[in-house]
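Visitor: I am new to this structure and would like to ask about its aromatic rings. Please show it to me.

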Amino acid sequence: MRVLKWLLWLLLPVALFALYTWASLSWVYSSGDRVGYVQKLSNKGWLCKTWEGELVLVTVPGTQAEKFYFTVRDPAVIPKINALSGERVRLQYAEHKGVPSSCFGETSYYVYNVLKVNDDYN
């Protein structure tokens, strides 16, 4: 009986932490698009390797550029981003608040798709 009680007190926090992690990665706080040029995409981390990137947002030529930092969890999106390197792209993302560890990414913005932006103004 004593061992069962000890196991319960040990497994309960682990189960609650796993449930919280699952909920934070499943529930989307916000979603949207950002348009710009991917400046950097790298596989970072000592123990947990994650894909982290920077998108430079240029609204009007001559103004200060803003950076949008993002994480990519889907390995199928990485080649798409690399193929569009140097092009103006639209990143589609979902924001997940409260993710408990940087093992899932350094940012709360997770990119799930990338599209090339056509600048045809004719």
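This is a predicted model: local features need pLDDT of at least 70, side-chain atom pairs count only at pLDDT 80 or more; totals for chains, interfaces and linings use all residues.

Guide: Residues are numbered from 1 along each chain as its sequence is written, and side-chain values use heavy atoms, with hydrogens and water left out.

Visitor: How many aromatic pairs are there?

Guide: Rings of Phe, Tyr and Trp (its six-membered ring) pair if their centres lie within 6.5 Å; planes under 30 degrees apart are stacked, over 60 edge-to-face, and the rest tilted. By this rule the count is 5 aromatic pairs.

Visitor: Of what kind is the pair that F68 and F70 form?

Guide: The ring centres of F68 and F70 are 6.3 Å apart. With 20 degrees between the planes, the pair is stacked.

Visitor: Is F70 buried or exposed?

Guide: Buried means under 20% relative accessible area, exposed over 50%, and partly exposed in between (1.4 Å probe, protein chains only). F70 has 0% relative accessibility, so F70 counts as buried.

Visitor: Which residue forms a tilted pair with F68?

Guide: The centres in this pair are 5.3 Å apart, with 45 degrees between the planes. The partner of F68 is Y93.

Visitor: Which residues do ring pairs link into a cluster?

Guide: Ring pairs join four names into a cluster. They are F68, F70, Y93 and Y109.
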